[in-house]
Amino acid sequence: MNFKLILFLVSCLLASFSYAQQKQLQAATVAFYNVENLFDTIPSAGYIDGTLDYQDQRYHITIPLADTAQYEYEPFRQSWLRENIEGKKLVRSLILIDEFTPGGTKSWNTQKFNQKLTNLSKVITGIGADVTKTAPVIVGLCEVESRAVTEALAQHPTMQPYNYGVVHYNSLDKRGIDVALLYQKDRFVVQNTEKIELIAYDGGTGYRDYTRDILLVSGLLDGERMHFLVNHWPSRRGGEAASFPKRKAAAELLKKSVERIQASEPNAKIIIMGDFNDDPVSPSIKNVLGSVGKKDQLQKGDLYNAMEPLYRKGFGTLAYRDGWNLFDQIILSKPLIGNDYSSYQEYRTNIYSPSFLVTKSGQWKGYPNRMYGGDTYNPFGYSDHFPVYTILVREIKAQ
């Protein structure tokens with residue numbers, strides 16, 4: 001990555017924001033971070049209560065393995081269609097059930113879990129703070145095990161001053177990881193939430209690929225209506241081409257979700273964020289979702305991929321075999337793109353990659369600084385992804 005260019009962009013941002021401050025602008029950072037396997041230390045399973053409404057956050061939860069004996073066990077790979085679950089109370093096993101436990105391959109214990117929370121808190125509270133002087137108002141997360149670990153992160157001493165609330169639903173993901181949203185309760189009022197189930201199938205086996213849902217959170221950001229869609233699309237395991245149909249299904253579902261919002265709110269301000277396991281120019285993003293990479297080409301109803309310009313300049317959020325990908329993206333609906341700032345508009349979008357998030361030496365020099373490379377523990381590590389963020393600004397209206 002060209003870190004001189006990053007410094008140049010930051011300098012331009014600071015200078016520009018200094019000018020903006022003279023106009024008395026209010027700012028809000030919206031961030032997304034793949035935190036890479038945020039698990040607690042307790043051997044767990046998924047518990048589904050089919051007597052509850054599907055959108056009830058208690059419908060599917062993570063429970064200790066020790067508490068599962070009283071429920072019916074449903075073997076992995078059986079059909080988890082809602083009609084087959086209705087009225088039942090079932091337990092499902094998870095692939096990473098043993099790995100992140102004291103007796104597992106990573107010897108995952110309370111000290112390591114707390115260190116992970118400390119490290120992630122340092123990252124999150126720093127995103128955009130050089131400009132806004134505060135932590136992000138909204139933070140989308142992926143690879144969190146449960147609501148409990150997400151709340152533990154939100155309640156960490158470093159995070160507590162910002163009074164974060166949590167929106168989380170368990171998905172049917174086979175690894176037991178989900179997406180979630182943190183929000184500053186003093187600045188964002190949640191009006192409605194929804195998990196949007198992604199049903200995709202493995203092309204080789206024909207089995208359903210149990211993956212992450214899309215999380216929709218709508219509410220008032222400093223009094224202004226906003227919609228946030230948090231994603232973690234199916235991985236490229238098995239090869240990019242072979243796994244493409246699953247990400248195509250995710251893109252189609254996301255597009256329908258956006259169109260549903262726009263049908264009821266034609267000028268809806270929508271922020272899409274996530275780890276898409278595809279780049280901004282991949283067919284799932286460009287062709288299926290239909291994102292646009294240039295602001296001057298936007299038409300009514302279009303989505304602007306704020307990461308595409310960075311991708312075309314060679315930036316990335318994760319590295320693999322000495323090549324960079326920009327899987328972590330922020331995509332904005334057209335009403336967020338403009339320059340009058342009478343209401344919230346996108347001001348800058350960037351990758352957050354301060355020096356402490358970058359591996360300093362060795363085989364992975366320059367890569368994101370991970371807490372685990374395989375089963376090798378690094379207490380000073382964070383994640384295998386850099387976070388991304390956008391800063392929204394608007395003029396403060398005279399009283």
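Me: OK, next sheet. What's the strand order in the open sheet of seven strands?

Reply: That one goes S9-S12-S13-S14-S19-S16-S15, again with mixed pairing. Strand S9 (188-196) and strand S15 (291-292) are its edge strands, each pairing on one side only.

Me: Which way do S12 and S13 run, parallel or antiparallel?

Reply: Antiparallel: seven bridges join strand S12 (residues 214-221) to strand S13 (residues 224-232). Along that pairing, Ser 218 faces His 227 in S13.

Me: And which helix packs on the sheet?

Reply: Helix H6 (residues 240-264) does, touching S9, S12, S13, strand S14 (270-275) and strand S16 (303-305). The direction of H6 makes about 170° with that of S13.

Me: Switching topic: why is S23 described as largely enclosed?

Reply: Seven of the eight residues of S23 are buried, so the rest of the structure largely encloses that strand.

Me: What is S23 joined to by eight bridges?

Reply: Strand S1 (residues 25-38), running antiparallel to S23. One spot to check is Gln 26, whose bridge partner in S23 is Arg 394. S20 is also joined to S23, by six bridges, and these two run antiparallel as well. There, Ile 351 stands opposite Val 388 in S23.

Me: How many residues of S7 are buried?

Reply: Five of the five residues of strand S7 (residues 164-168), so S7 is largely enclosed by the rest of the structure. Tyr 164, Val 166 and His 168 point one way from the strand, while Gly 165 and Val 167 point the other way.

Me: What is the partner strand of S7?

Reply: Strand S8 (residues 178-184), joined to S7 by five bridges and running antiparallel. Gly 165 has Tyr 183 as its bridge partner in S8.

Me: Now rings! How many aromatic pairs are there?

Reply: Rings of Phe, Tyr and Trp pair if their centres lie within 6.5 Å. By this rule there are 15 aromatic pairs. One of them is Trp 324 with Tyr 367, an edge-to-face pair at 6.1 Å centre to centre with 65° between the planes.

Me: Where in the chain do Trp 324 and Tyr 367 lie?

Reply: Trp 324 is in strand S18 (residues 323-325), and Tyr 367 is in the loop between strand S20 (345-351) and strand S21 (372-373), so the pair ties together parts 43 residues apart in sequence. Trp 324 counts as partly exposed at 22% relative accessibility, whereas Tyr 367 is buried at 10%.

Me: Why is the pair of Trp 324 and Phe 386 called stacked?

Reply: Planes under 30 degrees apart count as stacked. Trp 324 and Phe 386 have their planes at 15° and their ring centres 6.0 Å apart, so they are stacked. Phe 386 lies in the loop between strand S22 (376-377) and strand S23 (388-395), so this pair links parts 62 residues apart in sequence. Phe 386 is buried, with a relative accessible area of 0%.

Me: Which rings are linked into a cluster?

Reply: Phe 39, Phe 100, Trp 108, Tyr 372 and Tyr 377.

Me: What sits over the ring of Phe 356?

Reply: The charged end of Lys 122, 4.1 Å from the ring centre. Likewise, the charged end of Arg 348 sits over the ring of Tyr 347, 5.1 Å from its centre.

Me: Last one: what is the average pLDDT of the chain?

Reply: The average is 91, and 92% of the residues score at least 70. Over residues 1-12, though, the pLDDT is below 50. Where pLDDT is low, the predicted coordinates should not be read in detail.

How values were computed:
Residues are numbered from 1 along each chain as its sequence is written. This is a predicted model: local features need pLDDT of at least 70, side-chain atom pairs count only at pLDDT 80 or more; totals for chains, interfaces and linings use all residues. Side-chain values use heavy atoms; hydrogens and water are left out. Rings of Phe, Tyr and Trp (its six-membered ring) pair if their centres lie within 6.5 Å; planes under 30 degrees apart count as stacked, over 60 as edge-to-face and the rest as tilted. Helices (H or I, at least four residues) and strands (E, at least two) are DSSP runs, numbered from the N terminus. Buried means under 20% relative accessible area, exposed over 50%, partly exposed in between (1.4 Å probe, protein chains only). A charge sits over a ring if NZ of Lys or CZ of Arg is within 6 Å of the ring centre and within 35 degrees of the ring normal. Two strands pair if DSSP finds at least two bridges between them. Contact means heavy atoms within 4.5 Å. Axes are lines fitted to C-alpha atoms, for helices over the stretch in contact, and angles run from 0 to 180 degrees between N-to-C directions. pLDDT is the predictor's confidence in each residue, from 0 to 100.
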